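Please look at the structure shown below. The paragraphs after it go through a few of its local features in turn.

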Amino acid sequence: MRRGLIVLCLLGLAHSASAQVIGSVATKFKFMGPNDKIVVEAFADEDLPGVACYLSRAKTGGISGAVGVAEDTSDASIDCTQVGPINLPDDIRSGKRNAEEVFKKRTSLVFKTLQVVRFYDAQRNVLIYLTYSDRIIEGSPKNSVTAVAIQPWTTTPAAAAAPK
């Protein structure tokens with residue numbers, strides 16, 4: 001039983017996505033350990049490098065948060081934007097990869113994760129990103145959604161863009 005729990009923990013760590021922490025704000029003072037906070041992180045959609053997403057999420061502090069055993073709440077918000085050219089592969093354009101996971105973060109020791117999945121709305125040429133929290137037995141209805149309208153992307157040489 002103990003080995004099974006250790007394996008589950010290691011698998012959970014192996015599937016955690018990495019994101020760049022942009023910053024955080026404290027929301028609740030804790031006498032012992034770090035404060036509860038809201039963390040803002042940025043990550044790129046690895047299949048569509050022209051998209052950057054910003055995720056804000058609750059992070060539990062205290063002693064349990066400091067040692068990594070606290071369970072974070074399911075509160076999260078997302079916003080994604082086009083930061084470069086977007087070339088949609090045919091399987092995304094056709095909808096075959098709708099609801100594909102593009103980001104996953106462990107929010108408890110073993111059983112709870114925060115996920116971001118991608119959809120494509122062909123009629124409007126828009127990418128939709130949905131964030132939600134799930135648990136092995138019971139998920140949460142809390143969610144957030146953002147849309148990225150795919151626009152033509154032109155780049156100008158640095159010398160031409162610099163003011164004279």
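The link of Cys 53 and Cys 80 is right-handed, with 105° about the S-S bond. In this predicted model, the sulfur atoms of Cys 53 and Cys 80 lie 2.1 Å apart and form a disulfide. The structure holds one disulfide. A disulfide is a covalent bond between the sulfur atoms of two cysteines. Here the pair links distant parts of the chain, 27 residues apart. Cys 53 belongs to strand β3, residues 51-59, and Cys 80 belongs to strand β4, residues 76-82.

Are the two partners, Cys 53 and Cys 80, buried or exposed? Cys 53 has a relative accessibility of 0% and therefore counts as buried. Cys 80 has 5% relative accessibility, so Cys 80 counts as buried too. The cut-off behind both assignments is that buried means under 20% relative accessible area.

Another strand brings in a tyrosine. Tyr 132 is found in strand β7, which covers residues 126-135. Tyr 132 counts as partly exposed because its relative accessibility is 25%, and the partly exposed class lies between the buried limit of 20% and the exposed limit of 50%.

Which residues is Tyr 132 in contact with, leaving aside its neighbours within four places in sequence? Thr 113, Leu 114, Gln 115 and Val 117 are among them, and Lys 142 and Asn 143 also belong to the list. Val 116 is 16 residues from Tyr 132 in sequence, and the C-alpha atoms of Val 116 and Tyr 132 are 6.7 Å apart in space.

How values were computed: Residues are numbered from 1 along each chain as its sequence is written. This is a predicted model: local features need pLDDT of at least 70, side-chain atom pairs count only at pLDDT 80 or more; totals for chains, interfaces and linings use all residues. Side-chain values use heavy atoms; hydrogens and water are left out. Helices (H or I, at least four residues) and strands (E, at least two) are DSSP runs, numbered from the N terminus. Buried means under 20% relative accessible area, exposed over 50%, partly exposed in between (1.4 Å probe, protein chains only). Contact means heavy atoms within 4.5 Å. A disulfide is a pair of cysteine sulfur atoms within 2.5 Å.
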